[in-house]
Amino acid sequence: MADHFNHYPLKHFAATVADCMGMTLPETYAPPISWASRILKSRMGGTADRAVLYHADAVGLYIWQQYTQLFAPVYKHTSMAIPFLSTVASVTPVAHASMYTGLDPEGHGIKTYVRPQLTCDTLYDQIIASGKKAAILAMEDSTFLHIFTGRQMDYFSAKNAAEIQEKALELIESDKYDLISIHTFEYDNAAHAYGPESKEALNAVSIEAEVFDNIATRLNGFAGKHRILLSYSPDHGQHLTEGGTGSHGSTLLEDMNILHFFGTIQ
Ligand SMILES: [Zn+2]
């Protein structure tokens, strides 16, 4: 059977989120997936005034295919899943740069595992320019804290997913941020060390799904007050190496195909 790569490149992520928030991005951005944003906006009864984007690093589509039950905590809060195709190379800075700039790697300039501060326009710059407040909450040394640094927004880091959850709940409770991006890599770390389908890695999928569940549950307390867009959005997958550990960066299906989940609270 031929390899079936997902249809939508990650560069459509920024404009899709922006469209859900009622923002039109400059033409440099790949266009929104408008059928999806239309459905999400109709569920919310308008545009989102809040977005919380959770990035569980390196969770591939085939992990969902083979271990679907691990995603029950994500299903609980989401109503739409969209298959996305990661970038070439399928590594964190390349993929997250495309997700937040709407550009191919040639456009934003990060084509390999390098983490310069991006000087081109990002979704964060658009959010800030429209008078909204943005925050990044990420595990220590996250790519987010390198490539999206230097902007008029707040940056927070924490050691692990448990501490990220604690901080996320605090930020949500402050009711101050219009857009919060959250990045954890418990699965990525475990999959690199023990293999993408090892019990350690699968346990990390569950840990991150529980973090998402707890964040979404807290956001539900704002129903009636805000229209909130929620997403669970990995950047790439991982494949098993001959040595039994995990790796990514290739154009293998396991690295390229990912699945995003979107939900709304209103
Ligand atoms: Zn990654």
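A: Happy to! First a term: a residue is buried if 20 or more other C-beta atoms lie within 10 Å of its own, exposed if 12 or fewer, and partly exposed in between, with C-beta atoms placed from the backbone. Helices (H or I, at least four residues) and strands (E, at least two) are DSSP runs, numbered from the N terminus. This is a predicted model, in which local features need pLDDT of at least 70 and side-chain atom pairs count only at pLDDT 80 or more, while totals for chains, interfaces and linings use all residues. Residues are numbered from 1 along each chain as its sequence is written.

Q: Good. Which residues are buried in α1?

A: Phe-13, Ala-14, Ala-15, Thr-16, Val-17, Ala-18, Asp-19 and Cys-20 are buried. That is 8 of the 8 residues of α1 (residues 13-20), so the helix is largely enclosed by the rest of the structure.

Q: What do the buried residues of α1 pack against?

A: They pack against α2 (34-44), β2 (50-56), α5 (92-101), α7 (123-129) and β7 (228-232); contact here puts two C-beta atoms, placed from the backbone, within 7 Å. After α1 comes Gly-22, with a positive phi near 80°.

Q: Zooming out, how many helices and strands does the chain have?

A: The chain has 12 helices and 10 strands. Its radius of gyration is 17 Å, close to the 18 Å that the globule rule gives for 266 residues, so the chain is as compact as a globular protein of that length. The radius is taken over C-alpha atoms, and the rule is 2.2 Å times the number of residues to the power 0.38. Of the 266 residues, 50% count as buried.

Q: And the sheet, what order do its strands have?

A: It's an open sheet of 8 strands in the order β1-β3-β10-β7-β2-β6-β4-β5, with mixed pairing. Two strands pair if DSSP finds at least two bridges between them. The edge strands, β1 and β5 (154-158), each pair on one side only.

Q: In what sense do β1 and β3 pair?

A: Parallel: β1 (residues 8-9) and β3 (residues 80-85) share 2 bridges, and Tyr-8 stands opposite Phe-84 in β3. With β10 (residues 257-265), β3 pairs in the antiparallel sense over 6 bridges. There, Phe-84 stands opposite Ile-258 and Pro-83 stands opposite Leu-259.

Q: Switching to helices, at what angle do α9 and α11 pack?

A: About 10°, with the axes of α9 (residues 161-174) and α11 (residues 199-220) 10 Å apart. Axes are lines fitted to C-alpha atoms, for helices over the stretch in contact, and angles run from 0 to 180 degrees between N-to-C directions. On the α9 side, the contact includes Ile-164 and Leu-169, and on the α11 side, Val-211 and Arg-218 are among the residues.

Q: Which strands does α9 lie across?

A: It lies across β4 (134-139), β5 and β6 (179-184), running at about 165° to β4.

Q: Last one: where is the place of Ser-142?

A: Ser-142 is in the loop between β4 and α8 (144-147). With 26 C-beta neighbours inside 10 Å, Ser-142 counts as buried. Not counting residues up to four places away in sequence, Ser-142 touches Ser-157 and His-183.
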